[in-house]
Amino acid sequence: MNTHEFQGKSLLKAYNVDIQEGFVAETADQAVMIARQMQEKFNTRFFVVKAQIHAGGRGKGGGVKLAKSVEEAGTIARRMLGMNLVTPQTGPAGRKVNKVLIAQDVYYPGDTEPEEFYISILLNRRSGRYVLMYSPEGGMDIEQVAEKTPDRIFTEEVSPLTGLQPFQTRNIAFKFGLQGNAFKNMQKFLNGIYETFINCDAQLLEINPVLKTSDERVLAVDCKLILDDSALFRHPELAQMRDLNEEDPVEVEAGKYNLNYVKLDGNVGCMVNGAGLAMATMDIIKLSGGSPANFLDVGGGANVDTVEAGFRIILKDPAVKAIMINIFGGIVRCDRVANGIVEAYKSIGEIRVPVIVRLQGTNAIEAKEIIDNSGLSVISAISFGEAAEKVRNALSTR
């Protein structure tokens, strides 16, 4: 589950991580009120107005602006709210901005120059350890740093058994070239973000930039936090942070039926049970000359409702020229799935694309008879090779 910057920062603050303070506004009037309150509370002259969408690269797309007065903060917020923000991570369609973060300007003058760093934490599945990835070249062009000067990207692997060790935080602070109070503050910062990552069951925590201010403070100026969906049952308070407006509406609908759905760019819709079978089915579609239009796993309890929901979701994609249903009857009986397919087909009405059905496993023979005797224009298959051939034939007629 993705979170917004302001949500990630609130979690960091709960674990004693220093952040760039700010508050969310949904209207220009709210932005003015927040800026005025921040001016009094933090004695800040300037403000940063940040679009809150689930995508990086906002600064390059015009989603991060500096306001030099309370009134200008309101003017920028008015322009930004409702805009369609296009960044390198949104694709050409962009994302609508529904909220903005009014944040304090932390790049104030002082005894030393502010410095920007990059820090992220993620899991290395191969080693079974957490990885702290960091670079002294933080900021908007971190992708170019990774591409052109990969020697400026460093890592520290952390054992889940021992946690982040003091020698590791010291090593990172040394690599950043810090000393004095900034050195100590960086160690505190690293311990705090690691605690946030672990205690929130996160998949990714990325802060770019981490700022060393002119008075030696270390702050999270941005925050990208992705939570593990499978662990949200342990964190009902975090599950409430989910913003459905930022998610694909088709994927949201699939989630209501406990369907695992991912949109792809192909022309053959897939409905399967089990991730491994789904991958094999997508391979079959590629070998047949087609391309998978989605990943759709109905799970082990496929029934009339889930099959019908799967049909409707797949058919919302205008690029779909054929549908392949590939079910293995292990937990669920094939004849029950076949009846579900027939009932769903009748409920939806005319389906204008060919539907190829392969049911194998428990009661597979009975299931094939149900499909063949249904009177519907459903094409049954037994082997993977036969299914691939029928997909190929179906596409050739479209």
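Guide: This is a predicted model, and it holds 0 disulfides. A disulfide is a covalent bond between the sulfur atoms of two cysteines. Take C200. It is in no disulfide. The nearest cysteine sulfur belongs to C223 and is 9.5 Å away. The cut-off for a disulfide is 2.5 Å between sulfur atoms. C200 has 4% relative accessibility, so it counts as buried. C270 is in no disulfide either. For C270 the nearest cysteine sulfur is that of C334, 18 Å away. With a relative accessibility of 3%, C270 is therefore also classed as buried.

Now to the helix. Helix 9 covers residues 275-287. Start inside it, at A278, which lies in helix 9. The relative accessibility of A278 is 3%, so this alanine counts as buried. Its contacts, leaving out residues up to four places away in sequence, are V272 and F295. A278 and I327 are 49 residues apart in sequence. In space, their C-alpha atoms are 9.4 Å apart.

Next, the partner helix. Helix 9 packs with helix 13, which runs over residues 384-396. The two axes are 9 Å apart. The angle between them is about 50 degrees. Angles from 65 to 115 degrees would count as roughly perpendicular, and those under 35 as roughly parallel. Helix 9 and helix 13 are therefore oblique to each other. The crossing of helix 9 past helix 13 is right-handed.

Look at the side of each helix that takes part. Helix 9 contributes L277, A280, I284 and L287. Helix 13 answers with F384, A388 and R392. By class, this contact has 6 nonpolar residues, no polar ones and 1 charged residue. Arginine counts as charged, and R392 is on the helix 13 side.

Finally, step back to the whole. The protein has 13 helices and 18 strands. Its C-alpha trace spans about 80 × 50 × 40 Å along the principal axes. Of the 398 residues, 49% are buried. Sequence separation matters for the contacts too. Among contacts between residues at least 6 apart in sequence, 68% join residues at least 24 apart.

Conventions. Residues numbered from 1 in each chain as written. Predicted model: local features only at pLDDT ≥ 70, side-chain atom pairs only at ≥ 80, totals over all residues. Heavy atoms only, no water. Axes fitted to C-alpha atoms, helices over the stretch in contact; angles between N-to-C directions. Helix = DSSP H or I, 4+ residues; strand = E, 2+ residues; numbered from the N terminus. Parallel < 35°, antiparallel > 145°, perpendicular 65-115°, else oblique. Left-handed = near helix turned anticlockwise from the far one by under 90°. Contact = heavy atoms within 4.5 Å. Buried < 20%, exposed > 50% of the residue type's maximum accessible area, 1.4 Å probe, protein only.
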